[in-house]
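Open the model in your viewer and keep the selection tool at hand. This tour goes from the whole chain to single residues.

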Amino acid sequence: MRKASAARLVIDIASPCGEWRRVLPGIAARCRSAVRAAMALAAPSLGEAEISIVLGDDALLRQLNGAWRDKDAPTNVLSFPAQDFAHGVPAAQGGAPLPLGDVVLALATIRAEAAAQRKALGDHLSHLVVHGVLHLIGFDHVEPAEAEEMEALERRVLARLGIADPYDPDAPVAEASHG
């Protein structure tokens, strides 16, 4: 397998909720950094890959959550893996990057969580992008051991991005100017 690099990782960003760009300037670069950091630590030898980030609103996440999880409520992030990593790493076909799937985010829910947890909006968004990307490549948190492994990896990725441990109740809190 080839080692993944920034040039071999295609990151598509869709913004059906244009308010994201107003509320969080530089959001596309932040999302790309989070995706690259997650892939570098969690799947460094994957090769050429493609991930889509969808900057949505609560209405979109509520609709998707209802359709795919039978839950009539918005949620902060949903991941839609395009590959099954349970039986190894699939290979890209025809010279195209391997599609890994979509990570869809809800602005109002994420803003409310960040405010309630006194976290910078950008930091919380980065955490949820990392979380979503890890789901795309086969990580989960259903069982306690899985959750511990996934959270430990999230912490390592976020530390590389200069973001405080999101699971540490004693982590520094965000200032109001951070969103």
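How many positive and negative side chains does the protein chain have, and how far apart do the centres of the two sets lie? Select the charged side chains to look. There are 17 positive and 23 negative ones. The centres of the two sets lie 7 Å apart. Keep in mind that this is a predicted model.

**The whole chain**

Now show the cartoon. The protein chain has 6 helices and 4 strands. Trace them along the sequence and the pattern reads β-α-α-β-α-β-β-α-α-α.

Zoom out next. The C-alpha atoms fill a box of roughly 45 × 35 × 35 Å along the principal axes. A compact globule of 179 residues would have a radius of gyration near 16 Å, and the protein chain agrees, with 16 Å.

Of the 179 residues, 41% count as buried. Then turn to contacts between residues at least 6 apart in sequence: 68% of these join residues at least 24 apart.

**Into the core**

Select W20, V35, M39, I53, L100, L105 and V129. These residues have the most contacts inside the largest nonpolar core, which has 46 residues. Colour the elements that give two or more residues to this core: β1 (9-14), α1 (19-23), α2 (27-42), β2 (49-56), β4 (98-106), α4, α5 and α6 (144-160). Which of them gives the most? Pick α2, with 9 residues.

Now centre on I53. Set aside its neighbours within four places in sequence. I53 is then in contact with I11, D12, I13, A14, C31, V35, V103, L105 and V129.

Another core lies apart from the largest one. This other core has 7 residues, among them V54, L61, L64 and L78.

Finish with backbone angles. Most residues other than glycine have a negative phi. Two stops go the other way.

Select D70, in the loop between α3 (58-69) and β3 (77-81). D70 is not a glycine, yet its phi is positive, at about 55°. Is D70 buried or exposed? Its relative accessible area is 73%, so D70 counts as exposed.

Move on to R118. Look in the loop between α4 (107-116) and α5 (121-136). The phi of R118 is also positive, near 55°, in a residue other than glycine. With a relative accessible area of 52%, R118 is exposed; the cut-off for that word is over 50%.

Notes: Residues numbered from 1 in each chain as written. Predicted model: local features only at pLDDT ≥ 70, side-chain atom pairs only at ≥ 80, totals over all residues. Heavy atoms only, no water. Rg over C-alpha atoms; globule rule 2.2 N^0.38 Å. Buried < 20%, exposed > 50% of the residue type's maximum accessible area, 1.4 Å probe, protein only. Contact = heavy atoms within 4.5 Å. Lys, Arg positive; Asp, Glu negative; His and termini not counted. Charge placed at Lys NZ, Arg CZ, Asp CG, Glu CD. Core = buried A, V, L, I, M, F, W, Y, C linked by side-chain atoms within 4.5 Å.
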